[in-house]
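Me: Please pick one part of this structure and take me through it closely, as I am new to it. I would like a single connected account.

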Amino acid sequence: MSESPGGGATATSDGEVTVGIIGDQPDGGEPVDGGVLRFASYAPVRSLDPVKTQASGTTGGTELAAVYDVLVRYDAVAETYEPRIAESLDESDDGMSWTLTLRDGITFSDGTPLDAAAVVASTERYNRLNGPDAQVFTDSVASVEAVDDSTVVYTLNRPWHQFPAMLSLGHGMIVAPGSGEGAAFRPIGAGPFTVKSLGQSTLELTARPDYWAGKPHVDGLTFVSIAGEKPKIDSLASGDIEMAYLRDPNYVEQAKQRFPGYLHRYSLTDQVQLNSRPGRPGADERIRRAVMLALDPEAVNQRVDGGAADPGKEIFPAWSKWHDADGTAPGLDPDTARALVDEAKADGVATRLTYVSVQDERSQKYALTVEAMLESVGLTVDIDFVPTVTDMVQSLYVDHDYDIGYTALSLPDAAPYIRLYSALSSTSTNNSSGYHSAEMDALLAKIQQAPDEDAKRAAFAELQQQFTAHAPMVPMASGSNFVAWSPNVHGVTPTMDSVMLFDDAWIKK
């Protein structure tokens with residue numbers, strides 16, 4: 001498997017690619033202008049306000065970056081942060097502050113300047129309206145100050161060497177002061193595209209002639225919703241679309257053999273999450289542990305994915321730099337699980353669980369397989385199928401109306417702390433399980449402040465022990481996201497979390 005021109009890939013010792021642009025792609029020659037690039041997203045974006053949409057590849061981050069750009073871009077192959085809107089980002093000697101210098105002359109699409117005051121205002125807006133990962137930021141950053149028109153200083157509460165990751169995600173997508181809020185919100189950014197229309201299943205963007213890095217080569221982007229991954233691959237093969245975001249292990253493998261694209265492996269791409277809030281069965285640790293001990297990731301892999309996935313109850317698998325070779329993940333023990341269920345039931349704990357799942361083919365198989373495993377140890381499972389990923393996110397992360405569900409933290413090795421904090425910290429409003437533990441909070445702080453990779457790896461090993469003891473959620477598999485594209489598409493640039501940037505993208509005629 002060859003790398004595409006200008007791309008790169010990182011591989012494990014056995015040659016398996018973990019991140020990078022892969023596949024056979026002919027040299028496109030000199031870039032040409034024109035055309036509209038059509039991208040089948042993982043799920044349709046409902047809002048272009050960064051405070052309402054998680055800036056990840058699966059949940060609208062690519063769409064947001066097209067409109068707002070990002071302060072810095074993460075290069076996953078080089079493991080470095082590259083300036084985008086920022087001209088530079090520098091850490092102080094004591095690790096307690098970061099200084100951001102902006103490029104000169106950048107404007108929002110409404111003509112107003114993107115200066116230091118605008119960065120501070122956007123950051124304050126994001127935190128005030130509790131955007132995704134806002135708690136991580138406010139817990140870690142003491143102040144954000146515009147020193148002059150082009151300089152912003154972030155003063156931290158404690159050293160955090162991975163702080164630039166925040167500026168490659170939602171906090172780095174700067175919203176214009178004139179955007180407004182709520183129903184009056186208008187998506188005004190400094191990115192390479194502006195919004196033409198946003199519907200229930202389609203987003204149309206138009207190239208911006210005055211983009212700071214020059215007008216994009218393509219005339220526009222169209223993000224479409226296609227249900228199911230096989231139809232996405234078929235549409236890509238027929239030329240109905242030029243790009244598609246894929247997560248299903250079987251279809252990822254199929255697409256890798258047919259198309260070039262960007263592959264990124266993640267930890268915790270499959271997990272079973274339990275609602276630990278008061279009044280829910282999962283509030284009782286015995287129920288959570290029973291679920292953990294009843295589930296068999298390898299059996300799920302065979303029945304659901306035909307052996308194509310990377311199953312395991314470890315948070316970080318062997319290919320991850322954070323893998324603990326001496327660690328022990330929870331095993332399969334249905335007898336102990338059954339005894340825990342019987343004990344909890346005798347104490348009056350509810351043992352009937354509502355499982356929320358998307359109604360696509362793989363998710364249905366997954367839900368039915370989990371249902372069978374849990375009912376075999378004495379739990380009762382009612383499956384609530386919802387139409388889309390967006391609906392499932394609403395049930396789990398907004399309404400908290402579930403007992404058990406399939407989710408994915410999708411931890412990138414570059415910055416796993418941010419998602420772990422959001423999912424597990426007692427103060428995080430993105431903690432959909434409601435799991436609260438002072439010990440877990442202390443472990444998260446230890447991970448954040450680790451001075452080097454060895455210390456961080458040791459802290460992650462302690463985190464695995466906490467998972468095994470208290471079962472806040474059940475790791476089931478790691479996996480890959482693959483953004484596939486037609487061989488005539490060139491110049492797509494990945495950043496953090498499989499978000500794609502299109503300012504240099506072009507389509508060979």
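Reply: Around the second largest cavity stand Glu314, Ile315, Phe316, Trp322, His323, Asp324, Gly327, Thr328, Ala329, Phe460, Ala461 and Gln464. The model is a predicted one, in which local features need pLDDT of at least 70 and side-chain atom pairs count only at pLDDT 80 or more, while totals for chains, interfaces and linings use all residues. Residues are numbered from 1 along each chain as its sequence is written, and side-chain values use heavy atoms, with hydrogens and water left out.

On a 1 Å grid over the protein atoms alone, a cavity is a set of points where a 1.4 Å probe fits but cannot get out, a pocket is an open set with protein on both sides within 12 Å along at least five of seven lines, and lining residues have an atom within 4 Å of a point. The second largest cavity holds about 80 Å³ (the space filled by probe spheres set on the points, which are joined across faces, edges and corners). Its lining divides into six nonpolar, four polar and two charged residues (Ala, Val, Leu, Ile, Met, Phe, Trp, Tyr, Cys and Pro count as nonpolar, Asp, Glu, Lys and Arg as charged, and the others, Gly among them, as polar).

Searching the whole structure gives five cavities of 30 Å³ or more. In the largest cavity there is about 110 Å³ of space, and of the 13 residues that line this cavity, Asp133, Leu169, Ile418, Arg419 and Asp497 are the closest to its centre. Sorted by class, the lining of the largest cavity comprises eight nonpolar, two polar and three charged residues.

Trp322, one of the residues lining the second largest cavity, turns up again at the second largest pocket, where Glu79, Lys321, Trp322, Asp413 and Ala414 lie nearest the centre among 33 lining residues. Two or more lining residues come from each of strand 2 (17-22), strand 14 (261-274), helix 11 (416-424), helix 12 (438-449) and helix 13 (453-470) (DSSP runs numbered from the N terminus, with helices being H or I of at least four residues and strands E of at least two).

Two of those contributors are also joined to each other, for strand 2 and strand 14 pair in the antiparallel sense over four bridges (two strands pair if DSSP finds at least two bridges between them). Within this pairing, isoleucine 22 stands opposite glycine 261 of strand 14. Strand 2 is mostly covered, with five of its six residues buried (buried meaning under 20% relative accessible area with a 1.4 Å probe, protein chains only, exposed over 50%, and partly exposed in between).

Helix 1 (residues 61-68) is likewise mostly covered, and eight of its eight residues are buried, from Gly61, Thr62, Glu63 and Leu64 to Ala65, Ala66, Val67 and Tyr68. Its cover includes strand 3 (36-40), strand 10 (193-198), strand 11 (202-207), strand 12 (220-224) and strand 22 (500-501). Just after helix 1, aspartate 69 has a positive phi of about 65°.

Strand 12 also holds threonine 222, which is buried, with a relative accessible area of 14%. Leaving aside residues up to four places away in sequence, threonine 222 touches Val36, Leu37, Arg38, Phe39, Thr202, Leu203 and Glu204 (contact meaning heavy atoms within 4.5 Å).
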